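Student: I have a structure open and would like to talk it through with you. Can we go piece by piece?
Tutor: Gladly; ask whatever comes to mind.

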Amino acid sequence: MVRFGREKMFPELNHTWGTLVSGLPDRNAPEQKKAVREIRINPVVPAESVLVATARGMRPKKEEPPAPHDMRPFVDACPFCRGNEAQTPAPIAQVPAHGDWSLRIVENLYPVLGADRSTPHFAFGLQQTIEGYGRHEVIIDHSSHGIRIHEMTEEHLALLLSTYRTRMNELYHSDPRLKYVLVFKNFGPAAGASIGHTHSQIIAMPVVPANVQAEVRNSLAFFQAGQRCIFCSLIDEALTFEATLYDRGSGEIRRKINVGQFVIERTSRFVAMKPFASRYEWEVHILPLAHAADFLDSSPEDLADLGRILRRTMERLNAVLGGVQYNYFFHSLPHGVEQGESTRAFHWHLEICPRTSIPTGFELGSGLFVNTICPEDAAERLRSVVLPSV
Ligand SMILES: [Zn+2]
Ligand SMILES: [Zn+2]
Ligand SMILES: [Zn+2]
């Protein structure tokens, strides 16, 4: 795998971009899009790089066919539908507490981590284990079976987001052995959702996942080098940065790069962006504009605005993909470990990963994701969906 040291990436970022993005199409001439074949380095986690390969013949992937979506509001046999509450374990929480519920939290019947103490297999030599202790819960997002995120009201989305926050907080405080609380959603069979009723999941785990650790560690290194949050820097660049590359000999303009082309939507408090090194064709990240390391610090106003941008982003994805199957998950500063300067270095975000293709042996074997649509082209298509103004 190609590796670039931190010193290669910064501070000469525009030089790096100019080197790597050799096939970047000119934003002003979208009809002249050239085939792109380049390895893009993830600025936050360089090891998670992506091969952007857009020419048809180079696509080593099989596309995931869109699955028909069950739009029914009520399904008789669904344990998550209103009226079938007896088919789930007793709720951990229900909102509102009495009467018809809008949201419910229940234990996952098939937890990947459990609260019971299981003695791990004894460790021998290099074969070490960690006790599979934790919690695995399901949030039934809405009483309507087939409703999609972009069809929910903004008020409901704010309620869902504040339920995520409340439950994350409770889990962190329930047991010091819990090092990370991951909130995520699988939607559609291609994204691994086994129950059709809209739902999210919370897994509280005894370790900080390696990808979160890598983001925290690398953002801290970037912060210590320049007293800047790398995510804030990426947002600033996306919103303001335009680079002009000159020919050294003649002094003529060789190429202009408009980084604003990665922005899909911005609201008063959030931005939705295509990552420069997107692993998935339609991957979008949502970040707070003001620096914030911990999702749990979000105010009700933040969550209302997050609900708005989430709804609009999902509506764009749905319009472009004609029914989107996706995973989304929050990356927020872990609580179960020393935070230190990471409160200034790390920046929480929501990663939305639509599933439009199936990873292949090349991807599993190389660890290099293949993206067959140039991220700036994907951003342009998502931006061009006409929605009512904010
Ligand atoms: Zn249902
Ligand atoms: Zn920041
Ligand atoms: Zn992340």
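Student: Which residue in strand 17 is the bridge partner of valine 52?
Tutor: The bridge partner of valine 52 in strand 17 is asparagine 371; please keep in mind throughout that this is a predicted model. That pair belongs to the pairing between strand 2 (residues 50-53) and strand 17, which run in the parallel sense and are joined over three bridges.

Student: OK, zooming out: how many helices and strands does the chain have?
Tutor: The protein chain has nine helices and 17 strands. Of its 390 residues, 39% are buried, and among contacts with a separation of 6 or more, 70% are between residues 24 or more positions apart.

Student: And what's the strand order in the open sheet of 10 strands?
Tutor: The order is 4-5-6-8-7-14-15-13-12-11, and the pairing is antiparallel. Strand 4 (93-95) and strand 11 are its edges, each having a single partner strand, so one side of each is left without a neighbour in the sheet. From one strand to the next, the twist averages 20 degrees.

Student: What packs on that sheet, and which strands does it touch?
Tutor: Helix 5 does, touching strand 11, strand 12 (270-273), strand 13 (284-288) and strand 15 (349-354), and the direction of helix 5 makes about 75 degrees with that of strand 12.

Student: Which residues have the most contacts inside the largest nonpolar core?
Tutor: Those are Val181, Ile202, Ala272 and Ile286, in a core of 85 residues. Helix 3 (residues 154-174) gives the most to this core, contributing eight residues. As general background, nonpolar side chains tend to be buried together in soluble globular proteins.

Student: What does isoleucine 286 touch, then?
Tutor: Setting aside residues up to four places away in sequence, isoleucine 286 touches Phe270, Ala272, Ile309, Leu310, Thr313, His349 and Leu350.

Student: Switching to helix 4: how far does it reach from its first C-alpha to its last?
Tutor: Helix 4 (residues 210-226) reaches 24 Å with its 17 residues, close to the 24 Å expected at 1.5 Å a residue. Its buried residues are Val212, Glu215, Val216, Asn218, Ser219 and Phe222, and they pack against strand 7, helix 5 (230-240), strand 14 (326-331) and helix 7 (342-345). Just after helix 4, glutamine 227 takes a positive phi of about 55 degrees.

Student: And helix 9, which of its residues are buried?
Tutor: In helix 9 (residues 375-383), the buried residues are Pro375, Glu376, Ala378, Ala379 and Leu382. They lie on the same side of helix 9, because they cover an arc of only 155 degrees around the axis. What covers them includes strand 11 (263-266), helix 6 (300-321) and strand 17 (369-371).

Student: Last one: where is proline 275, and is it buried or exposed?
Tutor: Proline 275 sits in the loop between strand 12 and strand 13, and it is buried because 24 other C-beta atoms lie within 10 Å, where the cut-off for a buried residue is 20 or more. Leaving out its neighbours within four places in sequence, proline 275 is in contact with Glu283, His285 and Pro375. Proline 275 and glutamate 351 are 76 residues apart in sequence, with 9.7 Å between them in space, C-alpha to C-alpha.

Note on methods
Residues are numbered from 1 along each chain as its sequence is written. Chains are lettered from A and ligands numbered from 1 in the order in which they are written. This is a predicted model: local features need pLDDT of at least 70, side-chain atom pairs count only at pLDDT 80 or more; totals for chains, interfaces and linings use all residues. A nonpolar core is a set of buried Ala, Val, Leu, Ile, Met, Phe, Trp, Tyr and Cys residues joined through C-beta atoms within 7 Å. A residue is buried if 20 or more other C-beta atoms lie within 10 Å of its own, exposed if 12 or fewer, and partly exposed in between; C-beta atoms are placed from the backbone. Helices (H or I, at least four residues) and strands (E, at least two) are DSSP runs, numbered from the N terminus. Two residues are in contact if their C-beta atoms, placed from the backbone, lie within 7 Å. The arc is that of the directions from the helix axis to the C-beta atoms. Two strands pair if DSSP finds at least two bridges between them. The expected span of a helix is 1.5 Å times one less than its number of residues. Axes are lines fitted to C-alpha atoms, for helices over the stretch in contact, and angles run from 0 to 180 degrees between N-to-C directions.
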